[in-house]
Amino acid sequence: MNIEKIREDFPILHKKVRGKPIIYFDNSCVTLKPQQVIDAIVSYYMEYTACHGRSLHAFATKTTEKYDEAHEKVAKLIHAEHGEIVFTKNATEAINIVANGISFKKGDKILTTTLEHNSNLIPWFKLQKEKGAIHEFVDVNTDGTFNMEAFENKIDSHTKLVSFVFTSNVTGTTIPAKEIAKIAHDYGALVLLDAAQTVPHRPVDVKQIDCDFLVFSGHKMCGPSGTGALYGKRHLLEEMNQFIVGGETVAKVTHDDWVPAEIPAKFEAGLQNYAGAIGFGAAADYLMHIGLDNIHEYEKTLAKHLFSGLQEIDGLNAYGPLDPEKQGPVVACSIKGISAHDIAIILDETANIFLRSGMHCAHYFHQNVIHETEGTLRPSLYFYNTEEEIDTFISTLSEIVKTFGK
Ligand SMILES: Cc1ncc(COP(=O)(O)O)c(C=O)c1O
């Protein structure tokens, strides 16, 4: 991989803030966008603005073609088939479509881990409150790695759904998804994978894993914000109830009823974010062009460099196995005596190093597993980051810890 050449694709990486270059380490939240994605979005607005599947003029025909093509590109990225990808506005919406689409009954059990993003927790809490379904936690180890024994002890014949974070946005750890899916299916349970932090970073093959649902976001994989996808096995999407209904979601309307449209329109209610969707497709193309294997391998070298730098800082506590084979280039850290928010502000103001501090929407894990109730500092890297950037980050952080740490 030629990183210098890749960095040329990202105009924002060359922007100066306060007269100095920037280091962008907030990729688990939102990634930067290459020119190819920006061009795809702009061309929709500049060349053929219209809506999908309705009008018959040239702009509308082109929008329909490009929007359908975007679904195919995103499907190809995860080895899904035609009719198995629904566009959403983010991963959260995709999970809510499943939570509201499956007919859960009182007593049906839903398992999540203790490491979930709130997006894969609150919809199940809500279901528990409203439908009497039962949500249970599967404990992860404190370093964020999956605990197979805890899972096998929790799953039983009442388990209707196993909904796990595929790769954590806090500890960068990835679960053995294929093995988990096999066990879940043996108990008759469905499997949903929250792959918001997986699809951007490594090859994902839904057929090989044999998951039933998989969700991810466009904005964490070089695509525009307000884009995401739900993968579902076709027969499951066909059986599922619609969550939001109205325009686009119907094939036929009678006196007081309707026949749902084909997938994906069945779940894509109202006029869509066409520019975003087309940009999402361009992002999928961009990643496939670089190669997810190449991205994964390069990120291991970044992770190794980051972990060894962090381990040299006295008084810094870094969560995760800190092994590049087990953890992507994202680490939650805490430093005795200084709040993560203060460090994030100092890094921003003194060195243009942008990263995130707080709970990272994983409140349960912070509060109940690692007991970091004030939150953690989280550098999260992507394939356009470099070892030189890591060196600058480590030396700046070391200085901050020396000056303010206890
Ligand atoms: C692991 C994980 N799941 C879900 C989400 C929610 O994604 P979205 O903002 O696309 O709904 C995030 C976002 O940070 C995440 O990291």
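The structure contains 2 cavities of 30 Å³ or more, a cavity being a set of points, on a 1 Å grid over the protein atoms alone, where a 1.4 Å probe fits but cannot get out. The model is predicted: local features need pLDDT of at least 70, side-chain atom pairs count only at pLDDT 80 or more, and totals for chains, interfaces and linings use all residues. Residues are numbered from 1 along each chain as its sequence is written, and side-chain values use heavy atoms, with hydrogens and water left out.

**Largest cavity**

- The volume of the largest cavity is about 190 Å³, where a volume is the space filled by probe spheres set on grid points joined across faces, edges and corners.
- Its lining consists of 21 residues, and Gly 172, His 201, Glu 299, Gly 328 and Pro 329 are the ones nearest the centre; lining residues have an atom within 4 Å of a point.
- The lining comprises 4 nonpolar, 12 polar and 5 charged residues (Ala, Val, Leu, Ile, Met, Phe, Trp, Tyr, Cys and Pro count as nonpolar, Asp, Glu, Lys and Arg as charged, and the others, Gly among them, as polar).
- The largest cavity lies between domain 1 (3–32 + 291–404) and domain 2 (37–289), because both give residues to its lining; the domain bounds come from an automatic or database domain assignment.

**Second largest cavity**

- The second largest cavity has a volume of about 50 Å³.
- Thr 113, Leu 115, Gly 144, Thr 145, Phe 146, Val 165, Ser 168, Thr 173, Thr 174 and Ile 175 line the second largest cavity.
- This lining holds 4 nonpolar and 6 polar residues, with no charged residue.

**Aromatic pairs**

- There are 21 aromatic pairs, counted where ring centres of Phe, Tyr and Trp (its six-membered ring) lie within 6.5 Å; planes under 30 degrees apart count as stacked, over 60 as edge-to-face and the rest as tilted.
- Phe 10 and Tyr 384 make a tilted pair, with 4.6 Å centre to centre and 55° between the planes.
- This pair links distant parts of the chain, 374 residues apart: Phe 10 is in the loop between helix H1 (3–8) and strand E1 (16–17), and Tyr 384 is in the loop between strand E17 (376–378) and helix H14 (387–404). Helices (H or I, at least four residues) and strands (E, at least two) are DSSP runs, numbered from the N terminus.
- Both Phe 10 and Tyr 384 are buried, that is, under 20% relative accessible area (1.4 Å probe, protein chains only).
- Tyr 44 and Tyr 48 pair edge-to-face, at 5.5 Å centre to centre and 85° between the planes.
- Tyr 44 counts as buried because its relative accessibility is 5%, and Tyr 48 counts as buried at 3%.
- Tyr 44 and Tyr 48 belong to one aromatic cluster that also includes Tyr 45, Tyr 67, Phe 87, Phe 216, Tyr 274 and Phe 280.

Key:
1 Å grid on protein atoms, 1.4 Å probe; cavity = no way out; pocket = protein on both sides within 12 Å on 5 of 7 lines; lining within 4 Å. Buried < 20%, exposed > 50% of the residue type's maximum accessible area, 1.4 Å probe, protein only.
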